[in-house]
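Colleague: I would like to learn how the words used for a structure follow from its numbers. Could we go through some of them together?

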Amino acid sequence: MSALAGIVSLACSLAAVAAGGAVAQVEVRRHGEVYSVHASAQLAAGQRLVWDTLTDYEHLGEFVPGVRRARVLERDGNRLLLEQAGIFRVLFFELPVHVRLDVVHLPYVTVIAQLATAETGAGDPSTLRSFTGRYRIIQGDERLPPGVVRLDYDARFELSTPLAPLLGPLFGGAAVRQTMRAQFEAMLREIERRQQALAGPEQPG
């Protein structure tokens, strides 16, 4: 992103925070069959509330589009084995998604996930050949307004079965960007909803 684009992005984010609605900045790059995703937003929300929403795996299907089921299969301290199933939309096509992820929690700052090894658990084969992802909750940065946190998401993945030769190069990046934006923004809206519910109804002036 150029310096000018970065300034405009920051200005839009600050305006959105002031208006009570976070704006997501989403970037997707495609290198062969590997997709890299970076998403970021500023939120007027508490760090712990953001963390609790990110790690509310059993309810992801209620507010994240494309997620039909998510459940924790194993838990050992801050390490989890997470199973997730859903769909990935590409234009008029719906690709089934089934993954098992090794997840590490670094409360209340970072969530790190990677594709679980084949030995970790039996079940349906993964629809991803590779995956790494990370959420970061940044609070107290001098560049952030008081009471505002920044949520960053970075991921890198490859589908087990590449998109069709014509479909992938032409629409793959755009389709991934659309899906990632929809899912990231859905997470933002749920965080904002929970923050508003925590604050309670506004009192008449």
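Modeller: Gladly! Let us start with Trp51, which is buried because its relative accessible area is 5%, and buried means under 20%, exposed over 50%, and partly exposed in between (1.4 Å probe, protein chains only). Please keep in mind that this is a predicted model, where local features need pLDDT of at least 70, side-chain atom pairs count only at pLDDT 80 or more, and totals for chains, interfaces and linings use all residues. Residues are numbered from 1 along each chain as its sequence is written, and side-chain values use heavy atoms, with hydrogens and water left out.

Colleague: What makes Tyr108 count as partly exposed?

Modeller: Tyr108 has 34% relative accessibility.

Colleague: Why is the pair of Trp51 and Tyr108 called edge-to-face?

Modeller: Rings of Phe, Tyr and Trp (its six-membered ring) pair if their centres lie within 6.5 Å; planes under 30 degrees apart count as stacked, over 60 as edge-to-face and the rest as tilted. By this rule there are 3 aromatic pairs. For Trp51 and Tyr108 the centres are 5.7 Å apart and the planes stand at 90 degrees, so the pair is edge-to-face.

Colleague: What makes the pair of Tyr135 and Tyr153 tilted?

Modeller: Their ring centres are 4.6 Å apart and their planes meet at 40 degrees, so this pair is tilted. Tyr135 sits in strand β7 (residues 128–138) and Tyr153 in strand β8 (residues 149–159), 18 residues apart. Helices (H or I, at least four residues) and strands (E, at least two) are DSSP runs, numbered from the N terminus.

Colleague: Why does Asp56 count as buried, and what does its side chain touch?

Modeller: Asp56 has 17% relative accessibility, so it counts as buried. Its side chain makes a polar contact with the side chain of His59 at 2.9 Å. A polar contact is a pair of N or O atoms within 3.5 Å; within protein, one must be able to donate a hydrogen and the other to accept it, and residues adjacent in sequence count only if both atoms are side-chain atoms.

Colleague: How do you know that Thr179 is buried?

Modeller: Thr179, in helix α4 (residues 167–199), has a relative accessible area of 12%, so buried applies here too.
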